[in-house]
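Colleague: Could you walk me through this one? I have the picture open, but I need the terms as we go.

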Amino acid sequence: MIADRLKYGDEIRVIAPSGSLSRVRKNIYEQALSNLETQGFKITFSKNSREMNEFWSSDIKSRVDDIHEAFLDKDVKMVITCIGGFNANQILKYLDFELIKSNPKILCGYSDITVLLNAVYAKTGLVTYHGPHFSTFGFEQESEYTQKNFFDCMMGENTIQITPSQTAGNYHVIQEGICEGEIIGGNLCTLNLLQVTPYMPDLKDKVLFIEDDNIMGDYFVYEFDRNLQSLLQVEGAESIKGIVFGRFEESCKLDEVVIRKIVENKIDTSIPVIFGVDFGHVFPMMTFPIGGKVKIEARNNEIKMEIIEH
């Protein structure tokens, strides 16, 4: 199920299901608001979005109420998160997924929001979107790339070609292959929080899009390695059709050489594996649909990736 396309003039509701909107710096907030309003959108904020406790978040009920209200509001056409955080998984058992399913809307965010995006898709079949937070629109690095990919995914009907940004330079073929399938993924350590819960999406025949941020410092590579192994041990993962890795901060010390070592002996060598694609905790970033479909061809260091359903 895919929600109605976003149109210029539509209302976008900003919510805070993880970190509070109060964490967003004033200059970033003002730039993001100006950016989206200048393009013709009406931006509104959930009533509890600025509530903040000692965990830089808000009460579970506040967050759940704001999500339900956003999906019930007939004027709201898109729901976007303000920022990430650490505790979006707290709210899952309190969400009314039938309410969300009966009032389908575009839902977008990334990082800790990975649990919400994948849980909503798993429980309702609604395609969700791994892409910018509201706050992302306040940053300038290759903002044209971020915004074009975002609006192509939210507003367009056509197939989307995934091509490198100037910052990325080139994507890297780790394993050659061809595949087509539904996308599951996002932030790896956060996605793994859904394992053995009712909110984990089925991995059978899926294409994994995986990124992560450096919260482990010098131990990042070791943590990433075992987190990936854990995901690949989930039932259904043996039939995944391909893996696309995002870009990583320099402090992660994870490049195409290291990822080859990590992938080695973990997956079928016949499926395509791509590294360095423009999504993750770096700018710029592309938007991809959780539950949408991608087609990948990786041969002789030539890569063709296109999102064919979004």
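Modeller: A term to begin with: buried means under 20% relative accessible area, exposed over 50%, and partly exposed in between, with a 1.4 Å probe and protein chains only. The areas come from the Shrake-Rupley method, and for residues only the protein chains shown count as cover. This is a predicted model, where local features need pLDDT of at least 70, side-chain atom pairs count only at pLDDT 80 or more, and totals for chains, interfaces and linings use all residues. Residues are numbered from 1 along each chain as its sequence is written, and side-chain values use heavy atoms, leaving out hydrogens and water.

Colleague: Is F209 buried or exposed?

Modeller: F209 has 0% relative accessibility, so F209 counts as buried. F279 is also at 0% and therefore counts as buried.

Colleague: How many aromatic pairs are there?

Modeller: Rings of Phe, Tyr and Trp (its six-membered ring) pair if their centres lie within 6.5 Å; planes under 30 degrees apart count as stacked, over 60 as edge-to-face and the rest as tilted. That rule gives 19 aromatic pairs. F209 and F279 are stacked, because their ring centres are 5.5 Å apart and their planes are at 20°. This pair links distant parts of the chain, with F209 in strand β9 (residues 207-211) and F279 in the loop between β11 (273-277) and β12, 70 residues apart. Strands (E, at least two residues) and helices (H or I, at least four) are DSSP runs, numbered from the N terminus.

Colleague: What about Y219 and Y222?

Modeller: Y219 and Y222 form a tilted pair, 6.4 Å centre to centre with 50° between the planes. Y219 counts as exposed because its relative accessibility is 56%, and Y222 counts as exposed because its value is 58%.

Colleague: Which rings form a cluster?

Modeller: Ring pairs link Y8, F41, F137, F150 and F151. F150 and F151 are among the buried residues of α5.

Colleague: Change of topic, then. How many residues does α5 have?

Modeller: Helix α5 (residues 143-155) has 13 residues and reaches 17 Å from its first C-alpha to its last, close to the 18 Å expected. The expected span is 1.5 Å times one less than the number of residues.

Colleague: Why is α5 called largely enclosed?

Modeller: Because 10 of its 13 residues are buried, α5 is largely enclosed by the rest of the structure. Its buried residues pack (contact means heavy atoms within 4.5 Å) against several elements, including α1 (26-38) and β4 (106-109).

Colleague: And where is F86?

Modeller: F86 is in the loop between β3 (76-81) and α3 (97-102). F86 is at 60% relative accessibility, so F86 counts as exposed.
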